[in-house]
Amino acid sequence: MHWLFIGSATLSLFLPASALFHGNVDHDHWNELRGLTNNTLYNYSQSKKLSPPLVIDTFQSPTRNDLGFWHGSGENLPVQYGPGFIRLFPTDPDQNFHTQFDSNTCYSLMPWYNEFLHVVFEGTDQYSVSFNQHNDECNPRRSPFPSISDSVQAERYVVHPVSEAFGENGDWDNDDDDWDDDDDIDVDTGRNKHKHGRGGRRKRPKGHTKIPMGRRELYIPLTHFNIDFNRVVSVSFHGFYTNEPITLHHVEIVPDVPMPSQDNGHYHLPGKLPGGRLVLRCSRPNSFAFGIDDGQPQFSQRVMRILDEENVRVTFFVVGAGLRDRSSNFTEFYKEMLKKGHQVALHSNTHPKMESLPTLREIDDEIIQSMQIFRDQLNIESKYFRPPFGTVGARLRQELARHIPNPYIVNWSVDVEDWLWANTSTPEKQIEAFYRSVRKGGNLAVMHYLNPTTIGYLPEFIQHIKSAGYHIMRIDQCLEDVSAPPL
């Protein structure tokens, strides 16, 4: 058993790590219904005319926030709790910390829609902040749960004290010389200049009084999160692209932001950057789509034969490096699949966890190289992208949207779990995983053709979906994309 130290100068105890580490869908906690109801909070906000902050979390409890609902970490993110803070020690961009509004019902933040998320923290600002949306049925036992999210890059919204802008001798700190000077843009105009480097700090005029460094603040307009605020589940911190710790002190929604002043470097809000559309399920009624990722060349003809025999069309997400390898014959295989009416879409150039890459240049390179090989080898372009490992954060979404207008970032609501079971003594658990996800309402799948057991189950997967009354189609078709070929 692993143990986690939780403590501070005034609070010190040991708990089993299992008591605090939770996966992405830990229903023992996500489903807890505690504290205030939607109506209570709505009536409160209306009676106060939205003037007081909606305090979400001040980290007074290891298990619940100020609203009375669960908060906790996922993907084995180590945490240290203390009175009035939680310290996160990230090592992977998939790790996350959620502070939840509710999960057993759809929670509405519409009364606060024109206000601002305010976070007080210490440490790194190199992470994403997301609002997460409930599924259509507002049912945590249906898939996907949580449903879609939208993310912003925390670094762009931080109020930087003037002291952070100067070096030790009082001169301007120009360690981000590869960034353009102006990162402040109107909300409606989009990104006017592309930035590279560690982040998006705005440069300030010289001559301001330095202030002590310590706790920092960020303010994010709720309007910068493209979700349905009638169906909010949680706010989360994730997409860490540094191993530096972060300490959270206060999370709330406030009606306004600080006025620009010398103390805050004449702070004003940055514009919202486009971030594409994240999808986890099909929207077309009675549709189902298979998104098939990386494969082994020796299995490609077998996959083609199964799809021909079943007379279904799917979407392949293709890594660019495989197309460059002449020995794989992948270029000819995917050309043939295109002729047969299948969709071929982007899956990066070398398959890294792109949100973990330290610079935007490296993220850009993965996108640009994969787009280029698609044009050169397959003579196609695609606006559909599946993130390697399903890892999604604000930087990846922003860079995709910079290179591809209105991209679709495609994850899934049905996981065959071939990555977990295909090479074990119980490969049939892939069937169990598939049936379980479909039974819970998932209709967009992820699988690979890396192992013969997975390919052997593919006809059974297809026949199960057909017998359930679903129409199997490409992902662009199941999303009712007007540019998709007709059914």
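How many nonpolar, polar and charged residues does the lining of the second largest pocket have? The lining has 8 nonpolar, 9 polar and 7 charged residues. Gly counts as polar here. A pocket is an open set of points on a 1 Å grid over the protein atoms alone, with protein on both sides within 12 Å along at least five of seven lines; lining residues have an atom within 4 Å of a point.

This is a predicted model: local features need pLDDT of at least 70, side-chain atom pairs count only at pLDDT 80 or more, and totals for chains, interfaces and linings use all residues. Residues are numbered from 1 along each chain as its sequence is written, and side-chain values use heavy atoms, without hydrogens and water.

Confidence comes next. The pLDDT, the predictor's confidence in each residue from 0 to 100, averages 84 for the protein. It stays under 50 over residues 1-50 and over residues 165-212. Where pLDDT is low, the predicted coordinates should not be read in detail.

Back to the pocket. Its volume is about 470 Å³, counted as the space filled by probe spheres set on the points. Ile148, Asn226, Arg277, Leu278 and Val279 lie nearest its centre. Strand S16 gives the most to the lining, with 3 residues.

Now helix H3, residues 300-310. Its buried residues (under 20% relative accessible area, 1.4 Å probe, protein chains only) are Ser300, Val303, Met304, Ile306, Leu307 and Glu310. They lie on the same side of H3, because they cover an arc of only 165 degrees around the axis. Just after H3, Asn311 takes a positive phi of about 55 degrees.

Note on methods: Contact = heavy atoms within 4.5 Å. 1 Å grid on protein atoms, 1.4 Å probe; cavity = no way out; pocket = protein on both sides within 12 Å on 5 of 7 lines; lining within 4 Å. Helix = DSSP H or I, 4+ residues; strand = E, 2+ residues; numbered from the N terminus. Buried < 20%, exposed > 50% of the residue type's maximum accessible area, 1.4 Å probe, protein only. Arc of directions from axis to C-beta.
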